[in-house]
Amino acid sequence: MPAGTTTGDSEFPADGSADFALVVEAHWTAVYRFLFSLSGNRHETEDLTQETFLRALKRIDSFKPGTKMRSWLLRIAANACFDARRKQKRIAFRALDWEAASPEAGPAHRLEIIEQSRLLGMALEELSDLTRMVFHLRAVEDLSFREIASLAEITEEAARWHMHHARTRMLKRFSEKQV
Amino acid sequence: MDCPQVQDWLLRMEAVDPERCSSPEHAEHLRICTACRGLITELAALEQNWRELPLPASALTAKSAFLSTLGSQAPRRGRAASSSPRVWFRSAVAASLLLAASVSGLLMLDKSRASAAANVVEQLIDWNLELAENSSPTKRTNIYGDRVDHLRLELANAKLPGDDRAFAEQLLTNASWLSQNDDPMSVADRFTAVADSLLDKIDAARSDGNVKELRRLTRLYARVSERGIEPKLEIVLASKGLDFEHMRRLEKVILKDDQRRQKLQALLERSPEASRKEIKRALGLPRKANK
């Protein structure tokens, strides 16, 4: 890997697949979560996450040290998702098939998580792929609108609009459910 | 300062945090309005809920499985061979992008004019592509309905030269059509016309020595080609039993694409020697060994 490549916050000598394993450890969950927000489907997300890291491994020499590895990977992930969609005509977004990750969670807590995920999933299903992407990158990855615009290849103003739209729609969906 | 204004501002904020409010009017309104403060709480809770949702347990098993195979995945040097039969689409687009980035020693650009055209036209193109990529008629109707008024207003307020305005108006018309139609051949036709217009503008920008505009336009061109034309042609090519009319239209689109590719190649050949090496790398041609 290029000298000075960082995985998250730490530096390490660049040499071979062992180093890339550190990249996977540091960023797999974030990439998975991002792709899950786009597709809502576990199996497709697993495939796309693997595809993302395989692409990253092939292109690791093109990574510019000093820039954010996470943003670089998320851009590859977004492209992988959209490429797959173009080949399959669509990746139908389905309401998220979450399951409680912790088997120790009590029944009431698991039900609460399932209901919450159901509402969020339904709200997100109404949004376009790009709007979902912007929402996730802002709410979870804490990227600025400028960074999101660069990653998604849109203008900063468009990114801001998508976030406005996502927040509006989701709040409306949640308030309807509470009535 | 009323609630709808403040709430609209809150919904557009990067971080929904009244402590980071730069406007005294907004800050004063938030100090006294419980409804708007309530909105802040709701937005924060919404995003927090999303962040805290647990991932499927299979996420971690998939990671372990991938890591166990990682040792056999050797990083490959150079460019992987493309398996796409239409590598010439992407090669021409990639070449045009690096050409735009390599041109040097050119004239200053008209910032205000480029900025106005950039913002509105780019938004319109992205909107068109988003419509084309959604197969659901309901979603397309929503995407169209949600943005049409805003973009019409932006277009009305933008100071655009005649040809840019005509182009933007056409994109607006396209959006209306795309919201109601998804026949891949017809969609490819529409975006072919957009690509033709963009290529004319690329040529004009190169002639004017406008580097920034050249880069911006080649990015847009690549987007239109990769997302608006190629995927639709794939669908058409994959469908069986094309009638004569579809075959004729398909041939026209492919011919136009070939003509654009040749034009891009010609632009490429006019680039300085120093940039040709980078362009060859983008085209996947073998590099010379380092000395």
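Colleague: What share of the 179 residues in chain A is buried?

Modeller: In this predicted model, buried residues make up 56% of the 179 in chain A.

Colleague: How much accessible surface does chain A have, and what part belongs to carbon and sulfur atoms?

Modeller: The surface comes to about 7,800 Å². Carbon and sulfur atoms hold 49% of that.

Colleague: Which elements make up the secondary structure of chain A, and in what pattern?

Modeller: Chain A has seven helices and two strands. Along the sequence the pattern reads β-β-α-α-α-α-α-α-α.

Colleague: What part of the contacts in chain A joins residues at least 24 apart?

Modeller: Take the contacts between residues at least 6 apart in sequence. Of these, 63% join residues at least 24 apart. A contact here means heavy atoms within 4.5 Å.

Colleague: Now chain B. Which residues of helix α2 are buried?

Modeller: Helix α2 of chain B spans residues 24–32, and its buried residues are B:His26, B:His29 and B:Leu30.

Colleague: Why are the buried residues of α2(B) said to line one face of the helix?

Modeller: Look down the axis of α2(B). The buried residues fall within an arc of 95°, so they line one face. On the other side, B:Pro24, B:Arg31 and B:Ile32 are exposed. Exposed means over 50% relative accessible area.

Colleague: What covers the buried residues of α2(B)?

Modeller: The cover includes two helices of chain B, α1 (3–12) and α3 (34–52).

Colleague: Which residues meet where α1(B) and α2(B) touch, and of what class are they?

Modeller: From α1(B) come B:Cys3, B:Val6, B:Trp9 and B:Leu10. They meet B:His26, B:His29 and B:Leu30 in α2(B). By class, the contact has five nonpolar, two polar and no charged residues.

Colleague: Why does B:Arg261 count as partly exposed?

Modeller: Its relative accessibility is 23%. Buried needs under 20%, exposed over 50%, and partly exposed lies in between. So B:Arg261 counts as partly exposed.

Colleague: Where is B:Arg261, and how far is B:Leu199 from B:Arg261?

Modeller: B:Arg261 sits in helix α11 of chain B, residues 244–269. B:Leu199 is 62 residues from B:Arg261 in sequence. In space the two are 9.9 Å apart, C-alpha to C-alpha.

Note on methods: Residues numbered from 1 in each chain as written. Chains lettered and ligands numbered in written order. Predicted model: local features only at pLDDT ≥ 70, side-chain atom pairs only at ≥ 80, totals over all residues. Heavy atoms only, no water. Helix = DSSP H or I, 4+ residues; strand = E, 2+ residues; numbered from the N terminus. Buried < 20%, exposed > 50% of the residue type's maximum accessible area, 1.4 Å probe, protein only. Areas by Shrake-Rupley, 256 points an atom, 1.4 Å probe, with all protein chains shown as cover. Arc of directions from axis to C-beta. Nonpolar A, V, L, I, M, F, W, Y, C, P; charged D, E, K, R; others polar.
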